[in-house]
Amino acid sequence: APAVATPATVAPAAPVTDQAAVEMIAQRMSLELAHVPEIIAAEPEQHVRAGLTTAAVMSPAAAEKPLAPLPPPAKPADNFKDAQKAARTPPPAAAEKPLAPPRVEIDKRVREPTARQRADAEYAKGTTALQQGRPGDAGAALEAALQLDPLHHSARQALIGVLLNRGQQDEVLRLLQEGLQLAPAQFGFAMALARLQVERGELDAAVQTLARSLGYAGSNADYIAFYAGLLQRQQKHAEAVEQFQRALQLRGNAGVWLLGIGVSLEALGRGAEAKEAYRRAQASGNLSADLQAFAEQRLR
């Protein structure tokens, strides 16, 4: 295992644990507020046609036809020889006749659509309105879809996007919290909710939101790294290192996550390991210019 660094081995630059440095790293691992993450494992939605779904009805040509007439009975033999001949000669095989179509009952009743089908129809109207630049109509249709089926995750996601554009954060919070209560496995809602809570200065609430859904997001590297970044902002550096390492096991060579590890290791007094993390971050080739400069500064 790498040796634990003494305080003298830590670079003499400004302490990396000051809030500005931590925020710079953590913000790169946060979701953009205007972007609601894709809902993972959501049910596929069907864009249904407008109108009621009815049973198929047969055309008049397919109506019942009369049965074919039976063949006439055989003519009796005129004499004994004819009878003997008839006995020795097998009767001709009856010509195969097509079977008459079975009787089909015509169901003329109109079947009422299910709540899910009606919700799908409202969702389709809402997405069409969005494409046509009518957010007001879109919002109304998407709200109607959720009233019909609260588990219509795509309608909830689309409505959240509409409300975010309107700046209705309180309503967005309610929708996200409700969505998580109904479907805890939809951890994309947890990511969006945590991001919004961070924007509102509710860091502790954001960490709790992500912690509750962590079990459902065990293989999602972005979720885990986001959680690690928020733990780092809470100065929980040992936990942050553990979560950053989990994220890197799922998707290696992410420079910003390696920087995050370096920040927290340095805060824990593990300077030699921190420098190694900074070197790996530099070598990743995917740091922005300012983060590359930050890594170089920490290595001086």
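**Helix packing and aromatic pairs in the predicted model**

Helix 9 and helix 11 are roughly parallel to each other, a term that applies to angles under 35 degrees, whereas those over 145 count as roughly antiparallel, 65 to 115 as roughly perpendicular and the rest as oblique. The structure is a predicted model, in which local features need pLDDT of at least 70 and side-chain atom pairs count only at pLDDT 80 or more, while totals for chains, interfaces and linings use all residues. Residues are numbered from 1 along each chain as its sequence is written, and side-chain values use heavy atoms, with hydrogens and water left out.

The axes of helix 9 (residues 221-233) and helix 11 (residues 255-267) come within 11 Å and cross at roughly 30 degrees, the axes being lines fitted to C-alpha atoms, for helices over the stretch in contact, with angles running from 0 to 180 degrees between N-to-C directions. Helices are DSSP runs (H or I, at least four residues), numbered from the N terminus. In contact (heavy atoms within 4.5 Å), Ala-221, Asp-222, Ala-225 and Gln-232 of helix 9 meet Trp-257, Gly-260, Val-263 and Ser-264 of helix 11. By class, this contact of helix 9 with helix 11 comprises four nonpolar, three polar and one charged residues, where Ala, Val, Leu, Ile, Met, Phe, Trp, Tyr, Cys and Pro count as nonpolar, Asp, Glu, Lys and Arg as charged, and the others, Gly among them, as polar.

Helix 7 and helix 8 (residues 203-213) pack with their axes 8 Å apart and at an angle of about 170 degrees, which makes helix 7 roughly antiparallel to helix 8. The residues of this contact divide into nine nonpolar, three polar and no charged.

A search of the whole structure finds two aromatic pairs, defined by ring centres within 6.5 Å for Phe, Tyr and Trp (its six-membered ring), with planes under 30 degrees apart counted as stacked, over 60 as edge-to-face and the rest as tilted. The rings of Phe-187 and Tyr-223 have their centres 5.6 Å apart and their planes at 90 degrees, so this pair is edge-to-face; Phe-187 lies in helix 7 (residues 187-199) and Tyr-223 in helix 9, 36 residues apart. Phe-187 counts as buried at 6% relative accessibility, as does Tyr-223 at 0%, buried meaning under 20% relative accessible area, exposed over 50% and partly exposed in between (1.4 Å probe, protein chains only). Tyr-278 and Phe-294 form an edge-to-face pair, at 6.5 Å centre to centre and 90 degrees between the planes. Tyr-278 lies in helix 12 (residues 271-283) and Phe-294 in helix 13 (residues 289-299), so the pair ties together parts that are 16 residues apart in sequence.

Key
Helix = DSSP H or I, 4+ residues; strand = E, 2+ residues; numbered from the N terminus.
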